[in-house]
Amino acid sequence: MTAQRKVRVPVKAGYFTVPDDSTQPPRLLGTRCEDCGEHFFPRRAVCARCLSRRTVDVELGPQGQLYSYTFVHFPLFGSMRVEHVGYGVGQVDLPEGPRVQLPLAGKQEDYRIGMTLEAELEPIREEGDKEVVIIRFRPVERAA
Amino acid sequence: MNDVAVLGVGMHPFGMWAERSNADMGLAAGLAALDDAGLSFRDVQAAYVGHIFAQVMSGVRVMKEFGLTGLPIQRIENASATGSAVFREACLAVASGRHDVVLALGFDKMSAMIQQSGATTDPAFLEDAILPAGFFAMWATRRMHERGTQASHLAAIAAKNWNNGAKNPMSQRQPDAPVTVEKVLASRMVAWPLTAMMSCPIGDGAAAAIVGRPEIVRKLRPGRPIVRVVASALQSERYDRGHLFVGPVVGPARMTVDTAREVYEEAGLGPKDLHLVQVHDAFAIEELEYYELLGLCGKGEAEAAIERGDFAPGGRIPVSTDGGLIARGHPGGPTGLAQIWETTLQLRGEAGPRQVDGARVGLCHMMGGGSVCVIHILQRD
């Protein structure tokens with residue numbers, strides 16, 4: 001038995017899951033339109049494509065393809081960790097259709113447009129017995 | 001746009017003005033516009049005021065500096081496009097026949113906003129983690145992937161705008177020596193491949209325009225060329241698969257294409273009729289994309305056009321002639337009105353060292369976060 005982990009809490013509720021099993025990747029919380037089938041992130045009450053109100057909650061991802069990226073030379077907003085003084089950002093196309101924009105794990109040379117990435121949780125600070133986590137994407141293949 | 005002319009324009013220089021209030025700067029810009037038009041504040045029948053960062057009521061309060069005449073005052077806010085949206089509402093108020101003389105005023109102190117934000121903003125993460133520079137850097141990375149764009153193309157745009165700013169007394173950035181591509185590339189990396197000199201500064205300032213019936217120009221300023229507002233359009237986002245809902249600064253590229261089509265149709269003009277253009281160049285990659293989205297060059301041709309100097313002073317269609325957001329600055333509320341100031345002076349032939357020879361038609365394009373695209377076309381009779 002390892003030491004008890006702190007309880008992981010999302011930096012903002014309603015956007016992604018925090019699995020009890022820390023070996024499982026998080027999923028993004030989205031919406032599917034029951035009339036036209038379009039998927040959205042984040043959740044929404046009305047379909048942006050056909051304006052139907054018949055929408056249901058779905059979980060999206062956890063994998064997607066990198067559409068574009070950058071590496072920002074500033075500290076990650078809200079993070080207290082020194083390794084976050086610079087950070088990658090990517091736009092990721094999910095297989096269900098939505099494009100999402102989130103921080104990336106790794107360094108600029110790890111990224112390549114079109115590569116597959118997977119969502120993961122990353123702690124940014126501790127608050128009492130809780131660990132505040134964000135969702136980000138990590139390359140699951142090496143950049144050529 | 002039915003019979004609307006720019007009667008007068010005025011600005012307070014953009015810059016870091018720690019000792020000056022929004023009221024100081026707004027009054028200076030508004031009085032300059034009144035003097036330019038040859039009008040008294042008593043002639044102004046309505047005012048539209050734009051600010052992003054100043055507190056609630058600031059618009060109406062600043063207007064009291066001009067005098068208390070009971071005129072209707074309305075505050076408009078549309079992020080970076082605030083000044084453009086203010087100008088549009090003023091034009092519509094004249095075009096509708098409701099008013100003959102209307103003031104459009106924009107002001108902001110972005111420097112004060114930046115100082116406050118660190119202490120008061122709760123890190124919402126999803127919206128805040130991606131800085132504007134990071135968002136537009138991803139436009140650049142994608143463009144490089146698709147078209148082989150080099151960082152030097154972006155630096156060439158930035159250098160052009162810095163050097164244009166050196167010729168504009170209202171410009172925030174006033175380089176004392178010509179800015180080179182190498183200098184832009186060597187400046188601090190903000191979000192790869194965008195460097196600090198490819199990005200607009202934080203600043204303060206104010207700008208104003210008075211719009212009204214064209215015959216007022218003939219009466220008050222005989223012999224002055226009449227600058228008409230021949231088209232105005234404001235569009236918001238349309239949905240396509242892959243739309244980004246969280247974190248983008250502005251919507252998809254087609255916003256500029258769709259809004260441009262609307263103004264070109266309204267004006268009965270096309271991109272080939274333009275003599276100068278101002279765009280939302282908060283970052284150099286934006287200006288590059290807008291060349292194509294506005295139809296100033298063909299798809300995939302922007303890099304070659306930059307290398308030829310098509311959009312530089314003396315080129316085919318000079319762009320960001322006043323320095324653009326990158327050099328002239330981008331305080332927020334007044335930015336779109338600074339574009340109207342520049343275009344009006346250019347079309348009158350009063351732009352001094354920046355003058356585009358024979359300029360008769362100018363286009364002003366702004367994006368506002370959220371997002372909206374606002375475009376106006378001004379034409380000299």
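**Figure 1. Burial and overall form of chain B.** In this predicted model, buried residues account for 58% of the 381 residues in chain B. The secondary structure of chain B amounts to 13 helices and 11 strands. Chain B is as compact as a globular protein of its length, because its radius of gyration of 19 Å is close to the 21 Å that the globule rule gives for 381 residues. The C-alpha trace of chain B spans about 55 × 50 × 45 Å along its principal axes. Of the contacts in chain B between residues at least 6 apart in sequence, 80% join residues at least 24 apart.

**Figure 2. Helix 1 of chain B and its surroundings.** The end C-alpha atoms of helix 1 of chain B are 22 Å apart, which agrees with the 22 Å that its 16 residues should span at 1.5 Å a residue. The buried residues in helix 1 of chain B include N22(B), M25(B), G26(B), L27(B), A28(B), A29(B) and G30(B). Further along the helix, A33(B), L34(B), D36(B) and A37(B) are likewise buried. Among the elements of chain B that cover these buried residues are strand 1 (5-15), helix 2 (58-63) and strand 4 (101-109). Strand 7 (204-212) and helix 8 (214-220) of chain B also contribute to this cover. After helix 1 of chain B comes G38(B), which has a positive phi, near 80 degrees.

**Figure 3. The surroundings of L39(B).** L39(B) lies in the loop between helix 1 (22-37) and strand 2 (46-50) of chain B. L39(B) counts as partly exposed because it has 19 C-beta neighbours inside 10 Å, whereas a buried residue has 20 or more. Apart from neighbours within four places in sequence, the contacts of L39(B) are L7(B), G8(B), L34(B), V101(B), I210(B) and L220(B). One of these contacts, I210(B), stands 171 residues from L39(B) along the chain, with 9.3 Å between the two C-alpha atoms.

**Figure 4. The hairpin of strands 6 and 7 in chain A.** Strand 6 (residues 87-93) of chain A pairs with strand 7 of chain A in the antiparallel sense, over six bridges. Within this pairing, V92(A) is opposite V100(A) of strand 7. The two strands of chain A form a hairpin with five residues between them. In the turn, G97(A) has a positive phi of about 125 degrees. Strand 7 (residues 99-104) of chain A is mostly covered, with five of its six residues buried.

Terms used. Residues numbered from 1 in each chain as written. Chains lettered and ligands numbered in written order. Predicted model: local features only at pLDDT ≥ 70, side-chain atom pairs only at ≥ 80, totals over all residues. Buried ≥ 20, exposed ≤ 12 C-beta atoms within 10 Å, placed from the backbone. Helix = DSSP H or I, 4+ residues; strand = E, 2+ residues; numbered from the N terminus. Pairing = 2+ DSSP bridges. Rg over C-alpha atoms; globule rule 2.2 N^0.38 Å. Contact = placed C-beta atoms within 7 Å. Expected span 1.5 Å × (residues − 1).
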